[in-house]
Amino acid sequence: MVTSITSFGRSGLYDWMIQRVSAVVLLAYTIFMIGYMLFGSELDYQQWKELFECTAMRIFTLLALLSMAAHAWIGMWSISTDYIKPTGIRFLFQSACGLLTFIYVIWGIQILWGV
Amino acid sequence: MLVSVYRYNPETDDAPYMQDIHIDIPGGKDIMVLDLLQLLKDKDPTMGYRRSCREGVCGSDGMNMNGVNGLACVTPLSEVVVNDKLVLRPLPGLPVIRDLVVDMSQFYTQYEKIKPFLINDTPAPAIERLQSPEERAELDGLYECILCACCSTACPSFWWNPDKFVGPSGLLQAYRFLADTRDTATEERLADLDDPFSVFRCHGIMNCVSVCPKGLNPTKAIGKIRNMLLSQAT
């Protein structure tokens, strides 16, 4: 058993499952958005605004945003533990990733409910 | 043909270097890479490499031949030589002791970690612990591993974290004991593997499968360990 305190859920199985579940959410969101843009009627500002004023769409987008945050954290954490061996630099890199992810989530929420 | 061999003697060399040697194969026969190494050694007795059984059973002569890991004794030249040239390097990722000889300590430490022996605390029966033919068949494709390290040293996850990731060879053996009906330590074994490194550093690129000289499938075994962890969790 390798102990690790900076991984997402501390359990390999938990991280693995979150990575898969969040990938499915992101795939569903991507398919929906591509389908909406391809097959929706003419896309204008009014229609775009109406789409994001709908509570279901806000929930779906927030879910996708949180999924992306978790997915990105697990992925970047794996990359950093593979390639950055000095603990100090790795910790700095992970901190920057964590901070950036947090900013994106809060910023995303602000945008979503600011429509 | 031209053979380019990785040479390094820590007592005399400051750094490793590639030595180019031109050699004629007697009779132009399709000999094994190990036979070629013997010819090279006849020319230069300082050449270092491991070998023992010379028939793919002991796993001593694992090395990197034209970029692909394999056992020199069961790899014919026709399988690896490109444009009459062969590049021989030690197994990648492990510390080099000398020439083609690597230090396998990290590999063995990972093997030791998975407790490669049957654990059964129940009273021993008078004769032996029996298995049905079906139960025994579960171990096929697992027990045949000869620990040559060709798979683990072809795995980037093992290169980056040889101290934390068990590696394909160790995990194949881990599943060999998880799948054994005579073993009663399944829960403890699984608990030892449920961290972000031991098993889950495998990203399924299957380098291990493509190089295994015994034709085994560590990626499949790793998938089965993952499924066991999943079905045990709530």
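Axes are taken here as lines fitted to C-alpha atoms, for helices over the stretch in contact, and the angle between two of them runs from 0 to 180 degrees between N-to-C directions. In this predicted model, the axes of helix α1 (residues 12–39) of chain A and helix α3 (residues 55–83) of chain A come within 8 Å of each other and cross at roughly 140°. Sorted by class, the residues in the contact of α1(A) with α3(A) are 11 nonpolar, four polar and one charged.

Also in chain A, A:Phe93 is found in helix α4 (residues 87–112). It has 16 C-beta neighbours inside 10 Å, and A:Phe93 therefore counts as partly exposed. Apart from its neighbours within four places in sequence, A:Phe93 is in contact with A:Ser80 and A:Ile84. The C-alpha atoms of A:Phe93 and A:Ser80 are separated by 7.4 Å, although the two residues lie 13 residues apart along the chain.

In chain B, the axes of helix α3 (residues 105–113) and helix α6 (residues 167–178) come within 9 Å and cross at roughly 20°, which makes α3(B) roughly parallel to α6(B). The crossing of α3(B) and α6(B) is right-handed. Here B:Gln110, B:Tyr111 and B:Lys113 in α3(B) meet B:Gly167, B:Ser169, B:Gly170 and B:Gln173 in α6(B), and by class this contact has one nonpolar, five polar and one charged residues.

The length of α6(B) was compared with expectation: at 1.5 Å a residue, its 12 residues should span 16 Å, and its end C-alpha atoms are 16 Å apart, which agrees. Of the 12 residues of α6(B), 12 are buried, so this helix is largely enclosed by the rest of the structure. Among the buried residues are B:Pro168, B:Leu171, B:Leu172, B:Tyr175 and B:Phe177. The elements that cover the buried residues of α6(B) include α3, α5 (156–160), α7 (186–193), α8 (207–211) and α9 (218–232) of chain B.

Finally, the contact between the chains takes 14 residues from chain B and 11 residues from chain A. The side of chain B that touches chain A has, by class, eight nonpolar, two polar and four charged residues.

Notes: Residues numbered from 1 in each chain as written. Chains lettered and ligands numbered in written order. Predicted model: local features only at pLDDT ≥ 70, side-chain atom pairs only at ≥ 80, totals over all residues. Helix = DSSP H or I, 4+ residues; strand = E, 2+ residues; numbered from the N terminus. Parallel < 35°, antiparallel > 145°, perpendicular 65-115°, else oblique. Left-handed = near helix turned anticlockwise from the far one by under 90°. Contact = placed C-beta atoms within 7 Å. Nonpolar A, V, L, I, M, F, W, Y, C, P; charged D, E, K, R; others polar. Buried ≥ 20, exposed ≤ 12 C-beta atoms within 10 Å, placed from the backbone. Expected span 1.5 Å × (residues − 1).
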